[in-house]
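Q: Could you take me through this structure step by step, giving the general idea before each case?

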Amino acid sequence: MATSDRQTPDADDSRRKVIIIVAVVAAIAIAGLFYLLISTIGTGTVAPTLEGAIRKGAPEFDQNVSKIVLDKPEAYQSKQALGGIVMNLQTIVHNFTGHTLSGLEIKGTVVDHQGKPVNQRAIVVVPTAKQPELENNRSMVVVVMLEGMTDKDDRANIQMEVTGFKFKQ
């Protein structure tokens, strides 16, 4: 009783080829996914702007911006797992305008030794779910997170400024 345990070499070869092709395609797909993930870090989305705000150049802006006082900002930085640097710029905003602010936009900037921006971001800090408005003679903490910097970037100084505001009607 001799049985033949012959396996056809063509069936094994074709299975191996299919497995290898699937593994290569999966590796390329995973590599592409990581490339997209890494290339989009730090680019972020378009920052929301405060609609209908009083901005630089308007007479009301020049009259009132000095009454919206920002304390000297502080910065905290940390490294991301993929090698980038995140900086959190923090300050306290004081409203001495005599009016309640229903909208406030602040810009945080990291500058190099020549005063050129390395990274910057403007955020709307009022209104939010947590802070719907900022009443007269009140203060609030503002944090602007800046992502996408590297160790090679010249981060000499930080700045925060009011870029727009609205008064409660």
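**Reading the model**

A: Of the 169 residues in the protein chain, 26% count as buried, where buried means under 20% relative accessible area, exposed over 50% and partly exposed in between (1.4 Å probe, protein chains only). This is a predicted model, in which local features need pLDDT of at least 70 and side-chain atom pairs count only at pLDDT 80 or more, while totals for chains, interfaces and linings use all residues. Residues are numbered from 1 along each chain as its sequence is written, and side-chain values use heavy atoms, with hydrogens and water left out.

Q: What pLDDT does the protein chain average?
A: pLDDT is the predictor's confidence in each residue, from 0 to 100. The protein chain averages 89, and 89% of the residues score at least 70.

Q: In what order do the 4 strands of the open sheet stand?
A: Strands are DSSP runs (E, at least two residues) numbered from the N terminus, and two of them pair if DSSP finds at least two bridges between them. Here the order is β1-β8-β5-β6, with antiparallel pairing. Because β1 (54-55) and β6 (117-126) stand at the edges with a single partner strand each, one side of each is left without a neighbour in the sheet. β1 pairs with β8 (residues 157-167) over 2 bridges, and Ile54 stands opposite Phe165 in β8.

Q: Which residues touch the most other members of the largest nonpolar core?
A: A nonpolar core is a set of buried Ala, Val, Leu, Ile, Met, Phe, Trp, Tyr and Cys residues joined through side-chain atoms within 4.5 Å. Among its 25 residues, they are Val93, Leu104, Ile106, Val125, Val142 and Phe165.
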